[in-house]
Amino acid sequence: MAVAVLGIVVLGVRGVVRAIWPQSSAHRKELLREWQRQRELERERQRRGIDSRE
């Protein structure tokens, strides 16, 4: 019973991820680049905050 429920949940999550995640390679690359830009901006904000306190 638990195995069946786990299988259904895994397939459901997989379906949702496939629906949300871009299917074309170019879209995935752009999504990754945007994520990396956001991380870099956040790091820069943190650096400025730390530098201004010193």
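This is a short talk on the structure shown above, a predicted model.

Let's start with the overall build. The protein has two helices and zero strands. Helix 1 covers residues 2-20. Helix 2 covers residues 25-53.

The box tells you about the outline. Along the principal axes, the C-alpha atoms fill roughly 60 × 30 × 10 Å.

Now, what share of the 54 residues is buried? The answer is 0%. To count as buried, a residue needs under 20% relative accessible area. The protein exposes about 5,200 Å². Carbon and sulfur atoms supply 63% of that area.

Take A19 in helix 1. A19 and V3 are 16 residues apart along the chain, and their C-alpha atoms are separated by 24 Å. A19 has 67% relative accessibility. The cut-off for exposed is over 50%, so A19 counts as exposed. Next, K29 in helix 2. From K29 to Q46 is 17 residues in sequence and 26 Å in space, C-alpha to C-alpha. K29 has a relative accessible area of 46%, so it is partly exposed.

On to the nonpolar surface. Which residues form the nonpolar patch? They are M1, V5, V9, V13, V17, W21 and L31. Together they have about 700 Å² of accessible area. Helix 1 gives the largest share, with four residues. M1 sits in the segment before helix 1. Its relative accessibility is 82%, so M1 counts as exposed.

Now the charges. There are 12 positive and 7 negative charges in the protein. Their mean positions lie 11 Å apart.

How many salt bridges does a search of the whole structure find? Eight. Let me walk through some of them.

First up, R37 and E30. Their side chains meet in a salt bridge at 2.9 Å, N to O. R37 is partly exposed, at 41% relative accessible area. E30 is partly exposed too, at 38%.

Next, E42 and R45. This is a salt bridge as well, with the closest N and O atoms 3.2 Å apart. Why are these two residues about one helical turn apart? Because they are three residues apart in helix 2. E42 has a relative accessible area of 37%, which makes it partly exposed.

Then E44 and R47. Their side chains meet in a salt bridge at 3.1 Å, N to O. Being three residues apart in helix 2, E44 and R47 are also separated by about one helical turn. E44 is partly exposed at 30% relative accessibility. R47 is partly exposed at 42%.

This last pair belongs to a network. Salt bridges link E40, R43, E44, R47 and R48.

To recap. In this predicted model, we have two helices and zero strands. Buried residues make up 0% of the protein. A nonpolar patch on the surface includes M1 and W21. And the whole structure has eight salt bridges.

Definitions and conventions:
Residues numbered from 1 in each chain as written. Predicted model: local features only at pLDDT ≥ 70, side-chain atom pairs only at ≥ 80, totals over all residues. Heavy atoms only, no water. Patch = residues over 30% accessible without salt bridge, like charges linked within 9 Å, V, L, I, M, F, W, Y side chains within 5 Å. Areas by Shrake-Rupley, 256 points an atom, 1.4 Å probe, with all protein chains shown as cover. Salt bridge = Lys/Arg side-chain N within 4 Å of Asp/Glu carboxyl O. Buried < 20%, exposed > 50% of the residue type's maximum accessible area, 1.4 Å probe, protein only. Lys, Arg positive; Asp, Glu negative; His and termini not counted. Charge placed at Lys NZ, Arg CZ, Asp CG, Glu CD.
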